[in-house]
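The entries follow in the order in which I looked.

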Amino acid sequence: KKKNTTINFLQQNHTNKKNKNKIMSESPLTPYNDQIETDDFDSLIKSMNEIELDMVSIFRAQFEKADIDHNGKLDKNEYVKLLESTGLSEKVAKAMAVVVFKKMDKNHDNTIDFDEYLELMNANPL
């Protein structure tokens with residue numbers, strides 16, 4: 001979760017020079033700061049944005065494939081089938097679905113919409 005928070009912070013704050021210098025000085029890359037130029041840092045942020053867009057596309061495709069009835073939401077059965085497609089047994093997939101739905105079904109409609117799924121995938125990608 002901290003990784004996602006750090007990425008989000010970097011993406012939102014990298015254009016401000018003061019923020020950029022602070023981020024670079026506090027980052028795990030600090031020992032290498034003498035080797036990291038501002039242009040390199042900007043390239044890193046651009047690459048992170050591209051990777052994030054690619055991941056959203058992958059998650060969207062997974063979601064749409066799992067959405068058997070094409071209603072834009074995953075019910076527990078659809079989610080269980082998705083988990084089973086990753087190699088989990090039906091028993092384990094059903095148990096995981098119960099936990100995931102308790103945590104991720106924010107509006108308590110017994111389905112997971114794409115935003116909820118994306119939040120789940122950002123926390124725990126398959």
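**Entry 1: charged pairs**

I began with E90, which has a relative accessible area of 44% and therefore counts as partly exposed (buried means under 20%, exposed over 50% and partly exposed in between, with a 1.4 Å probe and protein chains only). I noted that this is a predicted model, in which local features need pLDDT of at least 70 and side-chain atom pairs count only at pLDDT 80 or more, while totals for chains, interfaces and linings use all residues. Residues are numbered from 1 along each chain as its sequence is written, and side-chain values use heavy atoms, with hydrogens and water left out.

I then looked for the partner of E90 and found K94, the two side chains meeting in a salt bridge at 2.9 Å, N to O (a salt bridge is a side-chain nitrogen of Lys or Arg within 4 Å of a carboxyl oxygen of Asp or Glu). K94 is partly exposed at 43% relative accessible area. Both belong to helix α5 (residues 90-104), where being four residues apart separates them by about one helical turn; helices (H or I, at least four residues) and strands (E, at least two) are DSSP runs, numbered from the N terminus. I wrote beside this the general rule that an α-helix has 3.6 residues a turn, so residues three or four places apart point the same way.

- E84 pairs with K81, with 3.8 Å between the closest N and O atoms. The two are three residues apart in helix α4 (residues 76-84), and so about one helical turn separates them. E84 is partly exposed at 22% relative accessibility, whereas K81 is exposed at 51%.
- E119 and K106 meet through their side chains in a salt bridge of 3.5 Å, N to O. Because E119 lies in helix α6 (residues 114-123) and K106 in the loop between α5 and β2 (111-113), the pair ties together parts that are 13 residues apart in sequence. Both residues are partly exposed, E119 at 35% and K106 at 47%.

I next asked which side chain of opposite charge is nearest to E78, a buried residue with no salt bridge. It is K73, at 10 Å, where Lys and Arg count as positive and Asp and Glu as negative, with His and the chain ends not counted. E78 sits in helix α4, and its side chain reaches the backbone nitrogen of I68 at 2.9 Å. Leaving out residues up to four places away in sequence, E78 touches A66, D67, I68, D69 and K73 (contact means heavy atoms within 4.5 Å).

D105, in the loop between α5 and β2, is likewise buried without a salt bridge, and K76, the nearest side chain of opposite charge, is 7.4 Å away. A polar atom of the D105 side chain lies 3.2 Å from the backbone nitrogen of D109, and one lies 2.7 Å from the backbone nitrogen of N110.

**Entry 2: the core**

I looked up the largest nonpolar core and found 19 residues, those with the most contacts inside it being L74, Y79, V100, I112, Y117 and L120 (a nonpolar core is a set of buried Ala, Val, Leu, Ile, Met, Phe, Trp, Tyr and Cys residues joined through side-chain atoms within 4.5 Å). The elements giving two or more residues to this core are α3 (38-66), α4, α5 and α6. I112 touches F63, K73, L74, V100, F101, M104 and Y117, when residues up to four places away in sequence are not counted.

**Entry 3: confidence**

The chain has a mean of 74, and 55% of its residues reach 70 or more. Confidence is lowest in helix α1 (residues 2-13), at a mean of 48, and highest in strand β1 (residues 73-75), at 95. Over residues 1-7 pLDDT stays under 50, and the model has three contacts for them beyond four places in sequence.

Note on methods:
pLDDT is the predictor's confidence in each residue, from 0 to 100. A polar contact is a pair of N or O atoms within 3.5 Å; within protein, one must be able to donate a hydrogen and the other to accept it, and residues adjacent in sequence count only if both atoms are side-chain atoms.
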